Each structure stands twice: as C-alpha cells, then as structure tokens.
Amino acid sequence: MSDCYYMMVSIDEKTELESDEEIPFSSSSATSKMEALDFEMIHLHSRADLANSWISRHIRMRVPKSIYFVLIKAKINVLLPFGPLAILLHYLTGQHGWVFFFSLVGIVPLAERLGYATEQLAFYTGPTVGGLLNATFGNATEMIISIYALKNGMIRVVQQSLLGSILSNMLLVLGCAFFTGGIVHYPKVQFFNKSAAVVNSGLLLMAVMGLMFPAVLHFTHSEVHVGKSELSLSRFSSCVMLVAYASYLFFQLRSHRNLYSPIEEEGNQGGDDSDDEEAPEITHWEAIGWLAILTVWVSILSGYLVDAIQGASDSFNMPVAFISVILLPIVGNAAEHASAIMFATKDKLDITLGVAIGSSTQISMFVIPFCVVVGWIMGQRMDLNFQLFETASLLLQC
C-alpha cells in the first residue's frame, strides 16, 4: 500500500511539474501572438495615417488649382464682383434700375462658368452626355429666373423669356457657332451627325405644335369654358410633352446611343489632331461641385434680378417685353453661346448642335411644360398660350 501510495504521489508531482513546465511555453506563445497583433495594428494605423496625409495633401494642392481654373483664369471673371454689388445696391439704395443692370452683368460670368464646368465634365462622360449636360445646366439660369418670376405672378415675363431663349439658341447661338467654325477651319468642310440633328429638329417641331394648340383654341374662340379649357389643355399638353421628353432621353442615352456617336472624319486618320487633344483641367468631382455652387449663386442673383425688372423698365424707359425677349435670354444663353462657339472652333460640331438645338429642344419640351406644372402647383394660371405673334415666330424658325 505504501509503495502504491508513493507511486501515485510521484505521478501527481510529475504531472504537476510537466504542467508547470508547459505554462511558460503557452504564455510565451500568447505573448508573441499579441506582439504580432500589435505590430499589425501599428502597421495598419501607419498606413491609414499615410493615406489620410496623402489625401489631405492632395486636397490642399487641388483646391487652389481648381479655384484658379474656375474663378480666376478666364477673363470674363472680372465681371464676377457685379453680383455682390447688385445685392449691396438692393439693400443700400433701392434703385431697381442699377440693381437690375448689375444683376444682369453678374449672371453673365456665372452662366459662362457653368458652361465651362459642364465642358470639363464632358471629358469624362463623352460628347452625347456632355452636350445634354451643357444644355441642361445652360438652361438652369432660365429655369431659375422663370420660377422666381412665376412666384411673383409675372407670367408674361416667363413666356416671353422662354420664347426668346428658343429663338436665341436657334438663330443667334447656332448661327454664330457655324460662322465662327467656318472661318477658323476654312477651307476645310466641317461634318456633323445628321441623324442626331434630324431627331432634335423633329422633336422641336413637335414641341412647337404642342404650343400652338392653346393659342389656336384661344384665337378661334372655340372654347367650351372660356378661360378654363385653354388652361386645362395647356396642363394636359405639358404632361404629355414631359413624358415625350423623358422618352427622348431614354432614346438618346440607352436604346439608340449609336445614332449620337460622333462621326469619324477622314482628315483625322493621319493622327495630326492627336497632339491637339486637350486634357481636363479639373476632376469630375470638382466639376460637379462647381456646378452645384454656381447654380446656387445664379439662383440667388436671379431673385434680385426678377424683383428689379419692373423698376428697371420704369427707370430706363424700356418695355418689359424687350427685357424679357432680348436681354434675359442673352444673359441666360451666355453659357450655350460660349460653349457652342468654342466647340465649333475645335471642330466638334456634334457637341455644338447638342448644345444649341438640344437647348432649344429642352426649353420647349421640358422647361416650358415644367413651368406650367410648377405654376399649377403654385396656383398661377401659367398656360401655353404665347399669343399669336410669338407662336408664329416659333413656327417659322422651325
């Protein structure tokens, strides 16, 4: 018994000794794992700090360059201070004539810079989407001015300014672009995509026909409910035109994109123009950011501009119709005018047509119906009756 007891005690002691010997080994293994984990965490933190420092350094380098390219480089930016001066004059003097003039001049460089930002964005989206974006943000000025005018009940100002925008794009902007492009590239013949131009022209004709129906209903005195049928027809036609424009966008961007691809010219096969290809000056995110900032600033100045229209008409002895049809569209189309001429001088007539004709199509098929719907929501009797002379002018230019 004593021998057995002695053997059991010795076995237990041996086991305890072995376990005691294993404890230091296991603790050293855990310590090494913890040290490895700490090393990995330190390494990850160092990499994250390096990435953050690179991002912050990149932002510090890009922001001044972006501000220089957008707000300083172009000569037209010398007109930018006119916007803040208009706001100061509004609160200090209350002279509507000068407030209108300074607001008008201050919006011109903003509209042109909107065109520049969309041009930079077109480097990343391609010519088709680029032309659509240029037309959209080029018309942002007209849309914002129209909404402010609708809010103040100035329905005729809205109608005449949108009519003037269509005529300005189709006659002044497109004519100047073709004329300038022909002079710069003489005696070379410039080419453009005929299919895209035919689709845009057909859609514009459809829009003008839609604008004719309320005017015909009014001047033939065939309304069932005088004053109500014309308004109801305008709102129904506006909804149909908005759906048609959405279908056109699907046609242009998804189902028939090949129709809008720029044609390849034979003269470019030699590779001479490869050195003339420009690189974007700002990134696509910077372009989107500047588009948002410039649109907000245009909307602020548009409010002061619309409030001063009647006062400017009285101060300068100038008809409100002249201000609406001539002056406001010229300012609103500054972006399209500059962009269309610039692309024509670079032998990119597809984008020129997309800007000029596409802008007119967008105003007639989207902006005008959109203003009718917005007026409907605001309780304003905005309709598509542009009066006989204005409607005839639209029909003739098509």
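Which residues does the UniProt annotation "transmembrane region" cover? I looked up the unreviewed entry, and the record lists residues 67–92, 128–150, 162–184, 196–220, 232–251, 287–306, 318–344 and 351–378. UniProt positions follow the numbering used here, feature names are shortened, and annotations may be inferred rather than shown by experiment.

**Ground rules.** I noted that this is a predicted model, where local features need pLDDT of at least 70, side-chain atom pairs count only at pLDDT 80 or more, and totals for chains, interfaces and linings use all residues. Residues are numbered from 1 along each chain as its sequence is written, and side-chain values use heavy atoms, with hydrogens and water left out.

**Two annotated spans.** I checked residues 287–306 and found 100% helix and 0% strand, with the end C-alpha atoms 28 Å apart. Residues 67–92 came out as 65% helix and 0% strand, and their end C-alpha atoms are 30 Å apart. Helices here are DSSP runs (H or I, at least four residues), numbered from the N terminus, and strands are runs of E of at least two.

**Helix 7.** I tested its length: the 26 residues of helix 7 (residues 194–219) should span 38 Å at 1.5 Å a residue, and the end C-alpha atoms are 37 Å apart, which agrees. The expected span is 1.5 Å times one less than the number of residues. Just after helix 7, I saw that His221 takes a positive phi of about 55°.

**Helix 2 with helix 3.** I found that the axes of helix 2 (residues 82–92) and helix 3 (residues 96–125) come within 7 Å and cross at roughly 160°. That makes helix 2 roughly antiparallel to helix 3. I wrote down the cut-offs: under 35 degrees is roughly parallel, over 145 roughly antiparallel, 65 to 115 roughly perpendicular, and the rest oblique. Axes are lines fitted to C-alpha atoms, for helices over the stretch in contact, and angles run from 0 to 180 degrees between N-to-C directions. Among the residues that meet are Phe82 and Leu89 in helix 2 and Trp98 and Phe102 in helix 3, where contact means heavy atoms within 4.5 Å. I sorted the contact residues by class and got eight nonpolar, four polar and no charged.

**Helix 6 and two partners.** Which way does helix 6 run beside helix 13, parallel or antiparallel? Helix 6 (residues 155–184) and helix 13 (residues 349–378) pack at about 175°, with their axes 10 Å apart. The two are therefore roughly antiparallel. Their contact includes Leu162 and Phe178 of helix 6 and Ile363 of helix 13, and its classes are 16 nonpolar, six polar and no charged residues.

I then turned to helix 14 (residues 388–397), which packs against helix 6 at about 20° with the axes 11 Å apart. That makes helix 6 roughly parallel to helix 14. This contact has five nonpolar, three polar and two charged residues.

**Loops.** Between helix 6 and helix 7 I found Pro187, joined to Tyr186 by a cis peptide bond with omega of about 5°. Asn317 is in the loop between helix 10 (309–315) and helix 11 (320–332), and has a positive phi of about 55° although it is not a glycine.

Key. Ala, Val, Leu, Ile, Met, Phe, Trp, Tyr, Cys and Pro count as nonpolar, Asp, Glu, Lys and Arg as charged, and the others, Gly among them, as polar.
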